[in-house]
Amino acid sequence: MTFNDLNIIEPLLRALNDKGYNSPTPIQKETIPHILNERDVLGLAQTGTGKTAAFLLPVIQQLVQKENVGKHNKKAIKALVLAPTRELAIQISDSFKDYTTYLNINHGVIFGGVNKDRQIKTLQNGIDLLIATPGRLLDLMNQKVVDLRFVEFFIIDEADKMLDMGFIHDMKKIIQYLPKQKQTLLFSATMPSMIASLSKNLLSNPVKVEVTPVSSTVDTIHQRVFFVEKSDKNKLLVDLLSKNKDQLALVFLRTKHGADRIVRTLKKAGIFSEAIHGNKSQNARQRILTDFNSRKNKILIATDIAARGIDVSHLELVINYDLPSEPETYVHRIGRTGRAGNSGTAFSFCSQEEQKTLRSIQKLTGKKLVSEKV
């Protein structure tokens with residue numbers, strides 16, 4: 001199947017061709033026809049499955065076909081995308097630019113951690129589609145800068161991460177300002193009870209699409225576990241990174257301070273790395289991501305929240321320095337490698353205190369991780 005088979009309009013097809021995108025991913029193939037048919041959609045899919053194009057392409061197409069772009073209420077926002085992090089918001093914005101190369105349609109992206117003035121000016125100039133993080137959106141709504149009365153398309157991306165980050169109340173406040181008549185699309189990697197409840201209240205007769213089960217880990221990822229004392233994790237990390245120095249590596253820790261500490265530890269061992277987390281400025285985070293994507297820096301130390309929005313096509317190695325408290329998070333972490341038919345490796349460090357967590361991970365995935373000698 002090609003994108004042409006999905007009845008995508010010619011300007012979008014041309015833009016996709018420029019990017020080298022020919023065949024839709026499963027989530028795109030399953031959701032785009034329903035969205036074009038103006039159905040609400042509940043999409044369950046992990047990071048890296050092509051969710052962004054799955055909702056942006058049909059929404060852009062409907063905006064164009066309905067001749068809403070640049071028409072009455074020129075400054076009215078007609079589509080709203082909520083994202084949990086600045087990185088993901090920027091990633092969605094970049095995709096929008098790529099897809100609308102041959103269309104006269106504009107957008108804006110707003111998030112916290114930067115000066116509001118430029119964002120306010122963008123909104124005042126008038127945009128068709130707005131991508132926003134909940135906190136900054138509410139802030140600007142309170143300043144009467146944002147008007148959501150004319151929104152026709154409402155998209156929530158990574159709803160479960162919104163819940164993890166404490167945005168659920170902000171989301172509910174924002175929803176109150178949206179018109180009742182609209183098309184709503186909700187995407188989430190997992191379906192905790194609060195998100196399930198939100199979807200029931202928000203979506204009208206939705207089509208549920210689940211292309212990648214939450215528990216699945218692709219066969220192209222070689223998963224290994226090292227049983228190691230907590231005090232020996234640093235030594236093991238240095239050893240593994242030294243042996244795999246030509247590979248792009250993403251190392252996960254639970255805390256910001258832990259991530260910074262590992263950067264200092266690696267530096268003492270003569271290994272350059274950088275940490276990305278919420279304490280970094282927006283400019284610093286973008287520069288770090290750019291350097292990682294371009295392989296200027298091959299080792300990135302990350303917390304789970306900061307890692308949302310990291311999308312690297314050929315990431316060879318994921319290391320779980322700390323096992324995540326939620327087994328589903330393990331699936332999301334290692335799912336950043338082994339993409340698009342490429343192979344990848346996921347190493348996990350398991351201390352005595354983490355063995356219960358490891359058992360939960362193996363129960364969820366249905367796979368017993370192969371043990372490696374330290």
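How close do the axes of helix α8 and helix α9 come, and at what angle do they cross? I put this to the model, which is a predicted one, before turning to anything else.

**Entry 1: α8 and α9**

I looked up helix α8, residues 168–176, and helix α9, residues 193–202, and found that their axes come within 12 Å and cross at roughly 5°. Since angles under 35 degrees count as roughly parallel, I note α8 and α9 as therefore roughly parallel to each other. I then listed the residues that meet, which are Ile168, Met171 and Ile175 in α8, and Met194, Leu198 and Leu202 in α9. By class, I have the residues of this contact of α8 with α9 as six nonpolar, with no polar and no charged ones.

**Entry 2: α14 and α15**

I next took helix α14, residues 327–334, and helix α15, residues 355–365, which pack at an angle of about 70° with their axes 8 Å apart. That angle makes α14 roughly perpendicular to α15. On the α14 side I wrote down Pro327, Glu328, Tyr330 and Val331, which meet Ser360, Ile361, Leu364 and Thr365 in α15. I record the contact of α14 with α15 as holding five nonpolar, two polar and one charged residues.

**Entry 3: the sheet and the helices on it**

In what order do the seven strands of the open sheet lie? I read the order as β10-β11-β9-β12-β13-β8-β14, and the pairing is parallel. The edges are formed by β10 (274–276) and β14 (370–372), each of which pairs on one side only. From one strand to the next, I find that the twist averages 25°.

**Entry 4: aromatic rings**

How many aromatic pairs does the structure hold? I count four, as computed from the model. In one of them, Phe226 and Phe347 are edge-to-face, at 5.4 Å centre to centre and with 70° between the planes. Phe226 lies in strand β8 and Phe347 in strand β13, so this pair ties together parts that are 121 residues apart in sequence.

Are Phe226 and Phe347 buried or exposed? I have both down as buried.

I also looked at Phe226 with Phe349, whose ring centres lie 6.2 Å apart with the planes at 90°, so that this pair too is edge-to-face. Here Phe349 lies in strand β13 and Phe226 in strand β8, so the parts tied together are 123 residues apart in sequence. For the burial of these two residues I needed the cut-off, which is under 20% relative accessible area. Phe226, at 5% relative accessibility, therefore counts as buried, and Phe349 counts as buried because its relative accessibility is 0%.

Last, I asked which residues the ring pairs link into a cluster, and I noted Phe226, Tyr321, Phe347 and Phe349.

Terms used:
Residues are numbered from 1 along each chain as its sequence is written. This is a predicted model: local features need pLDDT of at least 70, side-chain atom pairs count only at pLDDT 80 or more; totals for chains, interfaces and linings use all residues. Side-chain values use heavy atoms; hydrogens and water are left out. Axes are lines fitted to C-alpha atoms, for helices over the stretch in contact, and angles run from 0 to 180 degrees between N-to-C directions. Helices (H or I, at least four residues) and strands (E, at least two) are DSSP runs, numbered from the N terminus. Angles under 35 degrees count as roughly parallel, over 145 as roughly antiparallel, 65 to 115 as roughly perpendicular and the rest as oblique. Contact means heavy atoms within 4.5 Å. Ala, Val, Leu, Ile, Met, Phe, Trp, Tyr, Cys and Pro count as nonpolar, Asp, Glu, Lys and Arg as charged, and the others, Gly among them, as polar. Two strands pair if DSSP finds at least two bridges between them. Rings of Phe, Tyr and Trp (its six-membered ring) pair if their centres lie within 6.5 Å; planes under 30 degrees apart count as stacked, over 60 as edge-to-face and the rest as tilted. Buried means under 20% relative accessible area, exposed over 50%, partly exposed in between (1.4 Å probe, protein chains only).
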